[in-house]
Amino acid sequence: MSARKALVVWGGMELHTPERGANVVRALLEAEGFSVVVTSDYDALGAADVGENDLVVPVITDGQLPREKMANLVSAIRAGTGLAGYHMGLATSFRDSVAFRYAASCYWVAHPGNIITYRVDVSRSDHPIMAGIESFEHTSEQYYLNYDPAVEVLATTRFSGEFDPWRKDVVMPVVFTTNHGAGRVFYSSLGHTADELEIPQVRTILGRGLIWAAR
C-alpha cells in the first residue's frame, strides 16, 4: 500500500517563520508514514492533480491564488482531500477568496494586546485530538476570529477585556474541526512562530489534527 500524500505550502509574513513551520509539519507527517512535498509555490495548491493529496496544509499569511486554481483546490477538498492549518494558516490565508474562506471556516480579525499570556481551555477531552491534554497557560497572540458556527470546538480561550473591554468574557475557539464536503478541516490558532510548535501541547494538538484531517 502506498504512503498517504501531503502537500505543505509556505509563504507570506516572515514574522510567522513559515518555512520553519512547514518543516515542522513535514516532520510530524513523515513520522506517521506520509510522503510529504514542501514548497513555497502557491500554484501547487491549485494544480490539476492537487486532489491526489490526502492532505493540504497552507502555512501562508495572506497570499493570492488565481480563481481557476482556487477552484481546483476547493473541488479537491470537497472530494475528500483534507485541509489543515495552524495560527495564520487558514485564518489569514487567501483573504480575498470567498471560496477559500468558506472552506477554511475561520478568519482572523485581531489579537488584542499582541503577545500576552492567556489560558487554553480544553472543551472536548473525549476527542482523539485532545485526549490526555489538560487546559494550559500559553504566551502568544490570542487570536480573535470570525468563525463558522458549524465547527466542532475542541478548545477555547476567554478574552479578559484588559485590552479591548468591549469584548470582555468572549469565549473563542482555539482548536476546531469541521468538514467541507467530503474533506475534513482542522484548525488550531496556536503557533505564532515555529518555536511555539515545540511546546508539547501545541505540537501534540497539531500532529493529531493533521492526521485527523487527512483522507
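**Ground rules.** I number residues from 1 along each chain as its sequence is written, and I use heavy atoms for side-chain values, with hydrogens and water left out. Since the model is predicted, I take local features at pLDDT of at least 70 and side-chain atom pairs only at pLDDT 80 or more, while totals for chains, interfaces and linings use all residues.

**Entry 1: the sheet.** I looked up the strand order first. Helices (H or I, at least four residues) and strands (E, at least two) are DSSP runs, numbered from the N terminus. I count two strands as paired if DSSP finds at least two bridges between them. The sheet is open, has nine strands with mixed pairing, and reads β2-β1-β3-β4-β11-β10-β9-β6-β7. β2 (35-39) and β7 (136-141) stand at the edges with a single partner strand each, so one side of each lacks a neighbour in the sheet. On average, neighbouring strands are turned by 20 degrees against each other, direction ignored. For angles, axes are lines fitted to C-alpha atoms, for helices over the stretch in contact, and the values run from 0 to 180 degrees between N-to-C directions.

Entry 2: Buried means under 20% relative accessible area, exposed over 50%, and partly exposed in between, with a 1.4 Å probe and protein chains only. Five of the five residues of β4 are buried, so the strand is largely enclosed by the rest of the structure. G82, A84 and Y86 point one way from the strand, and L83 and G85 point the other way. On one pairing, β3 and β4 run parallel and are joined by two bridges; L55 has G82 as its bridge partner in β4. The chain passes from β3 through α2 to β4 in a right-handed β-α-β crossover. Right-handed here means that, with the strands pointing away from the viewer, the path from the first strand over the helix to the second runs clockwise. β4 also runs parallel to β11, with four bridges, and A84 is paired there with F186.

**Entry 3: β10.** I then followed β10 (residues 171-180), which runs antiparallel to β11 (residues 183-188) with six bridges. Within this pair, F176 stands opposite Y187 and V175 stands opposite S188. The two strands form a hairpin with two residues between them, and G181 in the turn has a positive phi of about 65 degrees. Strand β9 (residues 152-158) is also antiparallel to β10, again through six bridges, and R158 stands opposite V171. Eight of the 10 residues of β10 are buried, so this strand is largely enclosed by the rest of the structure.

Entry 4: Contact means heavy atoms within 4.5 Å. Helix α2 (residues 67-79) lies across β3, β4, β10 and β11, at about 85 degrees to β10. The axes of α1 (residues 18-30) and α5 (residues 200-213) come within 10 Å and cross at roughly 65 degrees. V24, V25, A27, L28 and L29 of α1 meet R203, L206, G207, L210 and I211 of α5.

**Entry 5: single residues.** I looked up Y102 in helix α4 (residues 98-104). Y102 is exposed, at 52% relative accessible area. Leaving aside neighbours within four places in sequence, Y102 is in contact with R78 and H180. Its C-alpha atom is separated by 30 Å from that of E198, 96 residues apart along the chain.

S189 is in the loop between β11 and α5 and is buried at 2% relative accessibility. Not counting residues up to four places away in sequence, S189 touches H87, Y143 and V174.

D62 has phi near 60 degrees, lies in the loop between β3 and α2, and is partly exposed at 31% relative accessibility. L90 has phi of about 80 degrees, lies in helix α3 (residues 88-91), and is buried at 0% relative accessibility.
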